[in-house]
Amino acid sequence: MTEAPLRAELLLAQDVSEGLEQELTTRFRELGVLSVRVRRALGHRGPNELQWLVLAALPLQAFLSGLGSEAVKDGYRLLKELVGRVVRRRSTAADAAPSLLVLQDERSGLRIVLEPDLPREAYEELTALDLTRFSVGPLHYDRARARWRSELDEAAG
């Protein structure tokens, strides 16, 4: 049985440049996503909404598993570089909105927040993470505990 090709939908903040949009599309393809659809978010967001620059909706478990496989050599490193590029491009913007790349599972809606300067171990652990352990999210990397966690899932459990 052949797996379906990975597809992603990127939802970009209004102020993401065309150049960064092209680079994101290219990088996701390098990470094994064969089809990338890009849309722009509406310009206004509520104050309680997660502030992100790029939201990538895709089959998350398949994507993360692929990053750890031989098919995508050094996949976690490529993802870390992608987050770094988003942050560097954003640091020149006038507003102080957080610079985040958020991965969202297209079926469950579970989100993983990729913050700037995550250690290599965070990305390595992410490629082997069992997402079925989480139901609410969002997942953040807890540097003190050296693991991915969802405070809302922990509070509910």
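1. Let me start with a cut-off that the next point needs: a residue counts as buried when its relative accessible area is under 20%, as exposed when that value is over 50%, and as partly exposed in between. Please keep in mind throughout that this is a predicted model.

2. Is Arg-27 buried or exposed? Arg-27 has 18% relative accessibility, and because buried means under 20%, this arginine counts as buried. Arg-27 belongs to helix H1, which spans residues 18-30. Leaving aside residues up to four places away in sequence, Arg-27 is in contact with Leu-78, Glu-81, Leu-82 and Arg-85. That list of partners includes a glutamate, Glu-81, and another arginine, Arg-85.

3. Now for the overall picture. The protein chain has five helices and seven strands, arranged along the sequence as β-α-β-β-α-α-β-β-α-β-β-α. The chain has 157 residues, and 42% of them count as buried. Among contacts with a separation of 6 or more, 66% are between residues 24 or more positions apart. The accessible surface amounts to about 8800 Å², and carbon and sulfur atoms hold 50% of that area.

4. Helix H2 covers residues 60-67, and its buried residues are Leu-60, Phe-63, Leu-64 and Leu-67. Why do they share a side of H2? The arc they cover around the axis is only 95 degrees, so they sit on the same side of the helix.

5. How much space lies in it? The answer is about 300 Å³. Twelve residues line this pocket, and those nearest its centre are Leu-6, Pro-59, Ala-62, Glu-106 and Arg-107. Strand S1 (6-12) and helix H2 each contribute at least two residues to the lining, and H2 gives the largest share, with three residues. Sorted by class, the lining consists of six nonpolar, one polar and five charged residues.

6. A few backbone values may be worth checking on your side. As background, most residues other than glycine have a negative phi, and most peptide bonds are trans. Asp-117 has a positive phi, near 65 degrees, and is not a glycine. This aspartate is in the loop between strand S5 (111-114) and helix H4, and with 69% relative accessibility it counts as exposed.

7. Ala-146 also has a positive phi, of about 55 degrees, without being a glycine. Where is Ala-146 placed? This alanine is in the loop between S6 and strand S7 (147-149). Its relative accessibility is 43%, so Ala-146 counts as partly exposed.

8. My last point is a peptide bond. The bond from Gly-137 to Pro-138 is cis, with omega near -5 degrees. Pro-138 is found in the loop between helix H4 (120-127) and strand S6 (140-142).

Methods
Residues are numbered from 1 along each chain as its sequence is written. This is a predicted model: local features need pLDDT of at least 70, side-chain atom pairs count only at pLDDT 80 or more; totals for chains, interfaces and linings use all residues. Side-chain values use heavy atoms; hydrogens and water are left out. Helices (H or I, at least four residues) and strands (E, at least two) are DSSP runs, numbered from the N terminus. Buried means under 20% relative accessible area, exposed over 50%, partly exposed in between (1.4 Å probe, protein chains only). Contact means heavy atoms within 4.5 Å. Accessible areas come from the Shrake-Rupley method with a 1.4 Å probe; for residues, only the protein chains shown count as cover. The arc is that of the directions from the helix axis to the C-beta atoms. On a 1 Å grid over the protein atoms alone, a cavity is a set of points where a 1.4 Å probe fits but cannot get out, and a pocket is an open set with protein on both sides within 12 Å along at least five of seven lines; lining residues have an atom within 4 Å of a point. Grid points are joined across faces, edges and corners, and a volume is the space filled by probe spheres set on the points. Ala, Val, Leu, Ile, Met, Phe, Trp, Tyr, Cys and Pro count as nonpolar, Asp, Glu, Lys and Arg as charged, and the others, Gly among them, as polar.
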